[in-house]
Amino acid sequence: MEEKNNKISRKQFLTTVGGLAAGAVLAGSGLSLLDSEVKAEKLPEYPWTKYFAKKLNVETVRKKATQYYHEGNHCAEASFRALVEELGAPFSNVPSQVLWFGAGGGAGWATLCGAVNGGSAAISLVYGRSKITMALVNELFGWYSETPLPLNSEVNSVAGTPLCHSSVSNWCEASGLKADSKKRSKRCGLLTGDTTAKAAELLNAQLAGKFVATYTIPKEAQECMNCHVAGDLKDTRGKMDCLDCHEGH
Ligand code: HEC
Ligand code: HEC
């Protein structure tokens, strides 16, 4: 009985809603063309690791990421775009808009730094669901957390975590400038370049079979984790430096 009702409603749907939709599309005369465009630009079968066969130019990536940041792509899309362009097809066929949400640490929420987010997305696109992706991304997060950024800048600061929030606030403290200043924007553009260049270096190292993980969690934080992450408590997760936000006890 119920099944019959479902069938009726489905049929009704097809003849009424579906019919209306088809009519509207025909009136707009776009569907058949759009449909063939979608099919023509079909992406190759995944995985794509084999298409990453040539070393990336790290300095090109650094320059482009900074440039795209200032052209309105913001941190995350700028980083992803610079990398996929340098990687070439099929990577560059993925529209970089997929990372645009990452601006300002995710729609301005100051969570994961967009430069880290975009760079990691490109790494993930190359190595897919593998331990290599996680190892390279882990290294990028760690490097970002403990490196004074931007590199070669008059004022730089250490974020302590991969968070936009601590990155920007620590820089404001170091520079004495405001988070809405032009110099902060310039700084984030440079930081996006440096972080994207680091992602390119990691990809190159992996390509050459020379990637070695160097990041280690600070010793004090590792002690906290022995109880809170891995020990009896298991009341939190993560690899961020606990002492960046909590006091010891
Ligand atoms: C020897 C194990 C151990 C270590 C090491 C440890 N903690 Fe704890 N921590 C505890 C226990 C037990 C509690 C109480 C848990 C409860 O009441 O549910 C606690 C509670 C906390 C709390 C909850 C708020 C509070 O103070 O009660 C925070 C935050 C915390 N720890 C952070 C840290 C940080 C940061 C470190 C490293 C500097 C650390 N812990 C190291 C065992 C540990
Ligand atoms: C970026 C900042 C940040 C970092 C880094 C961080 N935490 Fe927290 N943690 C918080 C915030 C925010 C809360 C929620 C506090 C609240 O709601 O009162 C919290 C809550 C906690 C609590 C529960 C606190 C309570 O009052 O019971 C524990 C335990 C804890 N964190 C442990 C850790 C440990 C261990 C680490 C390192 C592995 C860590 N945290 C890293 C920000 C951080």
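In which hand of crossing does H6 pass H7? In this predicted model, in which local features need pLDDT of at least 70 and side-chain atom pairs count only at pLDDT 80 or more, totals for chains, interfaces and linings use all residues. Residues are numbered from 1 along each chain as its sequence is written, and ligands are numbered from 1 in the order in which they are written.

The crossing of H6 past H7 is right-handed, the near helix being turned clockwise from the far one by less than a right angle. Helices are DSSP runs (H or I, at least four residues) numbered from the N terminus. Helix H6 (residues 164-175) packs against helix H7 (residues 182-207) at about 125°, and their axes are 11 Å apart; axes are lines fitted to C-alpha atoms over the stretch in contact, with angles from 0 to 180 degrees between N-to-C directions. H6 is therefore oblique to H7, a class left after angles under 35 degrees (roughly parallel), over 145 (roughly antiparallel) and 65 to 115 (roughly perpendicular). Ser-167, Val-168 and Trp-171 of H6 make the contact with Lys-183, Arg-184, Arg-187, Cys-188 and Leu-191 of H7, contact meaning heavy atoms within 4.5 Å.

Ligand 1 is surrounded by residues including Cys-224, Cys-227, His-228, Cys-242, His-246 and His-249, each with a heavy atom within 4 Å. Polar side-chain atoms of His-228 and His-249 lie 2.8 Å and 2.6 Å, respectively, from a nitrogen atom of ligand 1.

Cis peptide bonds join Tyr-46 to Pro-47, with omega about 5°, and Ala-89 to Pro-90, with omega about 0°. Pro-47 is in the loop between helix H2 (31-40) and helix H3 (58-87).

Notes. Side-chain values use heavy atoms; hydrogens and water are left out. Helices (H or I, at least four residues) and strands (E, at least two) are DSSP runs, numbered from the N terminus. A polar contact is a pair of N or O atoms within 3.5 Å; within protein, one must be able to donate a hydrogen and the other to accept it, and residues adjacent in sequence count only if both atoms are side-chain atoms.
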